Amino acid sequence: MESNNYNESEMVNEVELLQEALGSGAWNMTFDQNGEMTSVKWSQVFRRMIGYKDESDFPNEFSSFEDRLHPDDRERVVNQYWNAVKDYTNRTIYDTEYKFLTHNRGYRWFHAAGRIARREDGSPISIVGFFIDIDDKKKLEENLKAADAVKSEQLRILKSLADMYYSMHLINLKTGTITEYSSGGELKEFLDKKISAAEKMRLIMENVIVPQYRDSALKFTDLTTISERMRGIKTLSSEFVGQHTGWFIANFIAVETDNESCPTVVLFSTQVIDERKQQEQVLFLRSVTDDMTGFLNRRAYEAQLEYYRRNPIPDNLVFTMIDINQLKLVNDTLGHAAGDELICGFANIANKLKPLQGQNGKIFRTGGDEFVGMFCLTPEEYAVGEREFYSHVGQWQGKLVKNMSISAGHACRVDYPDVNIDELAKIADENMYKSKSEYYKNKGLDRRHTSISQLDSIS
């Protein structure tokens, strides 16, 4: 047990690195099963903040702190500390402000907060604490409003240290034990089981991660391989989707390593980022979506082509090129509102037929009147959808344009198994232009010259 406590206190070294950017200092104290203090450790960040060099001038003793408290604050602060430690119900929180005697700047105001890890009987195992200098905030409140905003944010972060992470656990890879510092309630039933840390982690991932991310989460959190995977590196992170949390980021942080730079003690934390991911998704969709039709835009089309240049093309992919006939003529003679009516009419028809596009079907608007479809369907399924689509197009009527005509060409991967994605697109494009040529030939229209008389067929 004492060895485990020592490892828990070592966690402070890593947490200090995480907190140094906030201008906060960390400290750690451990206790035996009777609640008696067994060790004290003041971090180097803590010492630097109050003007001391190392343990020689600021020893790892509780008295180093107690003796330098301002006489007006000493009794209150010490009582608050011990009341929190000795409250086995864990309801008392150590969170306070006080004046402290620094080595070279006299008394300054500090804010401190601590988090206590406890045994099952409520007795304290250790307390990890942080404090920040708030002297400027206290003395220059009116003149340093901007600085106060930053300091207040830092205070909120420190006061809710346990809450800023959805879960935080110290894992000893040698002994296979997990010490909980904060955790979502749904994890308790798994953490209480009398099994190894590796088995607990696997059980948690199997039960809290949504199915599509489960395999990758199990691989990432595999404690039997984490030491080797983190050889020579400090942190390892990945993102997953939880059944209760939505998106969250998981982090392994090396706290203690062996002679081969492999971690033997790690801090595992998770932080919910679902709101951020949703915002990112909205921004991403906006960047790849055509505003008028709701289809994917040319940027998304180029990205899809690039994906199929690097990855296998599905055997049932159908590549379709579609062009709205005479859109330029409509724009030039009836106005862009009429042209927009045609484009939106086409989009409405395509959206009605989404079930016929297959599970992974995508439609892209690549130009004013140019559209591309990529559907995972058999040739027979595609033929059924194509007939229904042309039927809807033939029945369409607008307010400014009386009917719609399209030209389309497609190429099935099954018919061209040896071509790449660009060659498949070229075949579909050539077939589309054959269809367009037939349309103009049958209508007796000249594609090279437009005139109002040509609108008789559509207006």
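User: What share of the contacts in the protein chain with a separation of 6 or more comes from residues 24 or more positions apart?

Analyst: This is a predicted model, in which local features need pLDDT of at least 70 and side-chain atom pairs count only at pLDDT 80 or more, while totals for chains, interfaces and linings use all residues. Residues are numbered from 1 along each chain as its sequence is written, and side-chain values use heavy atoms, with hydrogens and water left out. A contact means heavy atoms within 4.5 Å. Counted this way, the share from residues 24 or more positions apart is 56%.

User: Is H169 buried or exposed?

Analyst: H169 is found in strand β6 (residues 167-172); strands are DSSP runs of E with at least two residues, helices are runs of H or I with at least four, and both are numbered from the N terminus. Buried means under 20% relative accessible area, exposed over 50%, and partly exposed in between, with a 1.4 Å probe and protein chains only. The relative accessible area of H169 is 5%, so H169 is buried.

User: How far apart are the C-alpha atoms of H169 and F268?

Analyst: Along the chain, H169 and F268 are 99 residues apart.

User: Are the rings of F110 and F131 stacked or edge-to-face?

Analyst: Rings of Phe, Tyr and Trp (its six-membered ring) pair if their centres lie within 6.5 Å; planes under 30 degrees apart count as stacked, over 60 as edge-to-face and the rest as tilted. By this rule there are 34 aromatic pairs. The rings of F62 and W82, with centres 5.9 Å apart and planes at 50 degrees, form a tilted pair. For F110 and F131 the centres are 4.6 Å apart and the planes are at 10 degrees, so the pair is stacked.

User: Which strands hold F110 and F131?

Analyst: Both residues are buried. The pair ties together parts that are 21 residues apart in sequence, because F110 lies in strand β4 (residues 107-118) and F131 in strand β5 (residues 124-133).

User: At what angle do helix α13 and helix α14 pack?

Analyst: L327, V330, N331 and L334 in α13 meet H336, A338, G339, L342 and I343 in α14. Axes are lines fitted to C-alpha atoms, for helices over the stretch in contact, and angles run from 0 to 180 degrees between N-to-C directions. The axes of α13 (residues 327-334) and α14 (residues 336-352) are 6 Å apart, and the angle is about 150 degrees.
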